[in-house]
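Please read the numbered points below with the structure open beside you, and follow each one from the chain to the fold.

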Amino acid sequence: MEPIREKAYAKVNLSLDILGKRQDGYHEVSMIMQQISLHDLIEISTGRQPGIKITSNKSKLPLNKNNLVYKAAEKLANYHQIHLQKESIIIHIEKNIPVAAGLAGGSADAAATFCALNRYWKKEVAENDLMDLGKEIGADVPYCLMGGTALAEGIGEKLTPLKVKTPMWMVLVKPPFSASTAEVYKAFSMASGNRRPDNQKIIEALSKGKLATLAFFMENVLQPVTTSMVPEIEKVQKKLLEFNAFHAMMSGSGTTVFGLFKTRKKAESAYEKLRKIYQETYIAHTIHHR
Ligand SMILES: C[C@](O)(CO)[C@H](O)COP(=O)(O)OP(=O)(O)OC[C@H]1O[C@@H](n2ccc(N)nc2=O)[C@H](O)[C@@H]1O
Ligand SMILES: Nc1ncnc2c1ncn2[C@@H]1O[C@H](COP(=O)(O)OP(=O)(O)OP(=O)(O)O)[C@@H](O)[C@H]1O
């Protein structure tokens, strides 16, 4: 049988606002999510030994139960009442998305695993049920299942798809330091007075293709928090702007910074310069389903 392949696309946060903290420690957010062409590849094939085996081209990735792909397989098997120990499946993760970078690489892999395994087992799951299973794995997983451009509220699971008039090119730079999402949220203070995004204005700007307005209202309230841990973020942002990005901002809890460009040519020119300075530099465009 031919292996089943599914692309797992990364995301960037065009905005990230925090509205409050819940009893369970999670934060109420309001953020605009954008899927991008940078992707991992999930490949399912039949193995020889019983159980699930995870392999990857990236040596540092956990290949055990801590991998979000394993958690996704476990949850989906449970839902379909399939006994994983009686299966013999190899899940290969071709990792291209930088790890612990604010680009939801692990969440995207989990979402793609759901889709690939449903095809492998020839099963279907109602969209709502799949979203609920995803939420149990991570706050970004429901969005990764939906893709495209969306407003994400609640802890990130309440999704509204958005219209975008103009696709965009971007260059992403992951400084050689990471930050833990949990630690960044923990260090955030509601009283910080950090600059906040105006999501309604961003939504309008996206639908009309008004890039200057979009740039004016984009903010990530976690950026100053992560920057205090990894000062390199500010340097990268300045470099992206110096190389003609019309806006540059940190994605998610960081540490990746992305710069938006008016043309593919401008993005390519910045990419060529930045990759000589930072090893983890990527070029991508936005992905739109509707
Ligand atoms: C930073 C973002 O990537 C922005 O899109 C997400 O908000 C985080 O999504 P994620 O990594 O899928 O998050 P999870 O794996 O569910 O949670 C990781 C940790 O981040 C914190 N967390 C996450 C989401 C949220 N709305 N509030 C939080 O406080 C919690 O401490 C949690 O223990
Ligand atoms: N399939 C996977 N891909 C990447 N990381 C994984 C995976 N499974 C588990 N992890 C672990 O999860 C942690 C976070 O990885 P991930 O790349 O998803 O972070 P992130 O891009 O910051 O996500 P987010 O933007 O959702 O906060 C890493 O420390 C890694 O060891």
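1. Strand 2 and strand 5 run antiparallel and are joined by 4 bridges, and within this pairing Met33 stands opposite Ala150 of strand 5. Please keep in mind throughout that this is a predicted model.

2. Strand 2 also pairs with strand 4, again in the antiparallel sense, and here the pairing extends over 6 bridges. A pair to look for is Thr46 with Ile89, the latter being the bridge partner in strand 4.

3. How many bridges join strand 1 to strand 2? There are 15 of them, and the two strands run antiparallel; one example is Ile18, whose bridge partner in strand 2 is Val29. Strand 1 and strand 2 form a hairpin with 5 residues between them, and in the turn Gly25 has a positive phi of about 95°.

4. On the scale of the whole chain, the domain assignment gives domain 1 (4-161) and domain 2 (169-285), and the C-alpha centres of these domains lie 23 Å apart. The contact between them involves 23 residues of domain 1 and 29 residues of domain 2. On the side of domain 1 that touches domain 2, strand 1 (4-21), strand 2 (27-46) and strand 5 (149-153) each supply at least two residues, and strand 1 gives the most, with 9 residues.

5. Another sheet deserves a separate look: 4 strands form an open sheet in the order 8-9-7-10, with antiparallel pairing. Its edge strands are strand 8 (247-250) and strand 10 (281-285), each of which pairs on one side only, and the twist from one strand to the next averages 20°. Strand 7 (residues 169-173) pairs with strand 10 in the antiparallel sense over 5 bridges, and Val173 has Thr281 as its bridge partner in strand 10.

6. In soluble globular proteins, nonpolar side chains tend to be buried together. Taking Ala111 as an example, and not counting residues up to four places away in sequence, this residue touches Ala8, Gly134, Val141, Cys144 and Leu145.

7. An unreviewed UniProt entry places the feature "binding site" at Pro98, Val99, Ala100, Ala101, Gly102, Leu103, Ala104, Gly105, Gly106, Ser107 and Ala108. Pro98 is found in the loop between strand 4 (88-94) and helix 2 (105-120), and Leu103 lies in that loop too.

8. Is Pro98 buried or exposed? Pro98 is buried, because 21 other C-beta atoms lie within 10 Å and the class begins at 20 or more. Leaving aside neighbours within four places in sequence, Pro98 is in contact with Leu103, Gly105, Lys174, Thr256 and Glu280. Leu103 is likewise buried, with 28 other C-beta atoms within 10 Å. With its neighbours within four places in sequence left aside, Leu103 has contacts that include Ala10, Lys11, Val12 and Ile97, and also Pro98, Ser251, Gly252 and Thr256.

Definitions and conventions
Residues are numbered from 1 along each chain as its sequence is written. Chains are lettered from A and ligands numbered from 1 in the order in which they are written. This is a predicted model: local features need pLDDT of at least 70, side-chain atom pairs count only at pLDDT 80 or more; totals for chains, interfaces and linings use all residues. UniProt positions are given in the numbering used here, feature names are shortened, and annotations may be inferred rather than shown by experiment. A residue is buried if 20 or more other C-beta atoms lie within 10 Å of its own, exposed if 12 or fewer, and partly exposed in between; C-beta atoms are placed from the backbone. Two residues are in contact if their C-beta atoms, placed from the backbone, lie within 7 Å. Two strands pair if DSSP finds at least two bridges between them. Axes are lines fitted to C-alpha atoms, for helices over the stretch in contact, and angles run from 0 to 180 degrees between N-to-C directions. Domain bounds come from an automatic or database domain assignment.
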